[in-house]
Amino acid sequence: MGELIMTKTLKRICLWLFSAALLLSAVAVALVKLPVQAAAGEFAMEAGASVRLDDPSGIRFTTKVDQAFIDEIEQANPDKEITFGTEIKPEGKSVTPVDIKQTVWADESTETTKYFKAVLANIPEAQYLTELTATAYYAVDGVKTYVKNPQTRSIAYVASGLLAAGDDGAALVAIVDAVIAQISLVEEDFALKVGDSKKLTVEGGENLVVKFASDNEAVATVDAEGKVSAIGAGTANITATLGSRTDSVAVTVGAAEKKLHYDFEDGVVGQPYDTDRFTAKENSTCFVTNIQIGAVDGTQSLAFNFDGVNDGGPTITIKNTVLQDFYNAFGSMSFTLTNNGAKFHEGYYTTKSGNYRFDIAAKSSMEITVIEAHMKELIDNNMDFVYTVNNAYGTALYEGCRFEYYLDNIHAPNLNKVVKKNTVLSADEMLGKSATLKSFAVYKDDVLVSETDAESYTFTENGAYTFECVQSIEGYEDSTVKGTVQVMDAVFDNTDEWFGDGKLVNVDSYSNVTAANYLGATMLRMESSGNYPRVELNKAKVEEFLTAGKTFTLVYRFGDVDGNHKSYFGQGDAHISKLSGSEFAEISITPEKWEEIKNHADFATMIPFVTFAHVEGGGGGEGSDPFTMYLAGYKLS
């Protein structure tokens with residue numbers, strides 16, 4: 001066999017190796033631990049250990065020594081005795097180790113590679129779980145140099161590992177059974193959806209290797225760590241085995257739920273991701289070099305890399321099947337696009353009725369919402385969602401065809417409510433089609449203000465709030481609808497009360513106003529053809545608030561055309577300005593500021609609220625781009 005076996009009697013081993021009474025040996029032996037010399041070839045222990053089943057049985061450790069290593073040691077130490085061996089002792093115990101010297105090479109040795117084995121035999125059952133550390137060495141005239149990779153195992157652990165790997169034999173089972181009376185799975189029968197997984201926990205098998213098996217791998221598989229993966233619909237029994245001890249649990253697998261949120265964290269960085277749902281289109285001069293999972297600052301997204309010899313209009317495509325899932329659940333969807341290029345890009349998505357433009361500056365991100373009417377139009381015409389990156393202008397302002405875009409966080413659209421004080425917000429308003437409520441919470445300044453298990457909330461104070469509504473939708477994964485609530489003194493939710501001659505709001509001749517719902521909020525929608533579109537606020541009505549010592553705050557946002565626009569109260573001298581984009585923005589006139597500016601010519605007959613279509617990092621002259629503005633209402637403070 002070519003292995004060295006320590007065959008002391010059971011009594012002597014118990015007393016010498018495992019006795020707690022023996023601590024540090026007082027034997028004066030010169031043991032000098034030196035680093036392994038830089039020699040050709042390898043000198044290292046094989047990973048793990050094995051069990052010797054022949055009498056006398058025990059735990060076996062193996063060491064590999066290349067002949068080149070032996071030759072160099074001998075050449076460096078002529079006329080000196082070179083020996084090899086293995087020291088074995090209980091892990092963490094301060095006892096003198098058993099020193100098993102190598103006298104023969106193992107049978108599998110060759111001319112170029114040698115192996116020697118050390119067996120500690122006749123281990124008492126009471127010590128089957130004791131971890132033993134084996135450290136191989138070579139010695140020059142008795143001075144030892146140790147391997148850098150000692151191995152630590154208990155004989156019970158090794159036996160259980162061999163059984164889990166498929167070995168059998170009554171002797172291995174007997175070793176394990178001697179240290180474990182029973183095992184039990186913590187989990188009771190459970191259910192998974194196709195694609196889901198669950199990690200099982202075994203009680204009673206600590207520090208041993210449990211064997212897991214499934215009786216129906218077409219339904220569920222289980223790996224060596226006890227992770228159950230759902231494969232197909234049906235039922236499977238998962239069994240945990242340790243020696244002769246077993247326990248089982250049943251898993252019922254149902255059809256996979258459709259995704260309603262793509263954050264791409266389940267992808268692998270550098271690898272493609274579900275090309276049946278997400279793809280791209282190239283043209284003859286601008287090519288898609290790859291579409292794969294990318295990571296930026298620890299967050300994964302789907303990266304689209306474009307390259308080409310000339311400018312072009314490549315696209316980012318979300319397939320119609322994804323649109324259908326979100327339309328069936330919520331009606332609309334939102335996602336984030338990041339322009340990771342060095343320069344500005346215009347872009348647009350296309351429906352049967354037209355294009356809808358969005359401008360993204362270099363190294364900037366934008367959340368885009370596809371409204372329900374556009375979703376329905378795409379689905380009814382069996383069209384994919386196609387976002388075209390418009391970079392064909394050929395000017396220094398625009399980037400050419402070598403750039404990268406990130407697609408991320410496709411989700412149920414955030415809802416943006418605009419309400420008056422004392423309005424009640426009900427969770428039912430946020431539920432998707434055929435959805436049931438799981439939880440509802442309202443926050444102000446990141447502090448929970450709603451009651452636990454609440455299903456509604458009354459807004460008694462002005463301010464900006466956020467909410468989260470977690471819901472279950474049959475056939476889909478649980479989804480969270482998030483949003484904001486702007487609470488104010490007045491809400492512009494109709495034209496009869498708020499718009500026209502003598503009313504608070506009017507516009508110039510380049511714009512028209514209607515009351516419209518945008519992402520859950522009904523507001524005054526102003527469409528403009530450009531030329532510095534202007535809202536005209538009734539001076540007398542606003543001044544009434546200001547002279548009473550109230551600050552007047554107009555709440556608004558932009559839609560359809562995105563990017564950053566600069567807005568002013570006043571025109572030529574830019575008395576009060578605000579740079580704002582697609583989120584709700586506020587612009588205020590304080591009583592103090594009004595005293596300073598009220599006699600300016602800009603405010604002779606009305607208070608102008610002017611917007612310049614100025615896109616940071618982008619192109620187009622100020623005031624030249626058509627866009628849509630939503631006026632939400634006002635706050636007094």
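Helix 6 (residues 372-380) lies across strand 25, strand 26 and strand 28 (385-390). Its direction makes about 60 degrees with strand 25. Axes are lines fitted to C-alpha atoms, for helices over the stretch in contact (heavy atoms within 4.5 Å). Angles run from 0 to 180 degrees between N-to-C directions. Helices (H or I, at least four residues) and strands (E, at least two) are DSSP runs, numbered from the N terminus. The model is predicted: local features need pLDDT of at least 70, side-chain atom pairs count only at pLDDT 80 or more, and totals for chains, interfaces and linings use all residues. Residues are numbered from 1 along each chain as its sequence is written, and side-chain values use heavy atoms, with hydrogens and water left out.

An open sheet of 5 strands has the order 20-23-28-25-26, with antiparallel pairing (at least two DSSP bridges between two strands). Strand 20 (278-281) and strand 26 (354-360) are the edge strands, each pairing on one side only. Strand 25 (residues 345-351) and strand 26 run antiparallel and are joined by 7 bridges. Here Gly-347 stands opposite Phe-358 of strand 26.

Phe-278 belongs to strand 20. Phe-278 counts as buried because its relative accessibility is 1%. Buried means under 20% relative accessible area, exposed over 50%, partly exposed in between (1.4 Å probe, protein chains only). Beyond its neighbours within four places in sequence, Phe-278 contacts residues including Tyr-262, Phe-264, Leu-302 and Ile-410. Its C-alpha atom is separated by 9.8 Å from that of Phe-385, 107 residues apart along the chain.

In helix 3 (residues 155-164), the buried residues include Ile-155, Val-158 and Leu-163. Gly-166 follows helix 3, with a positive phi near 115 degrees.
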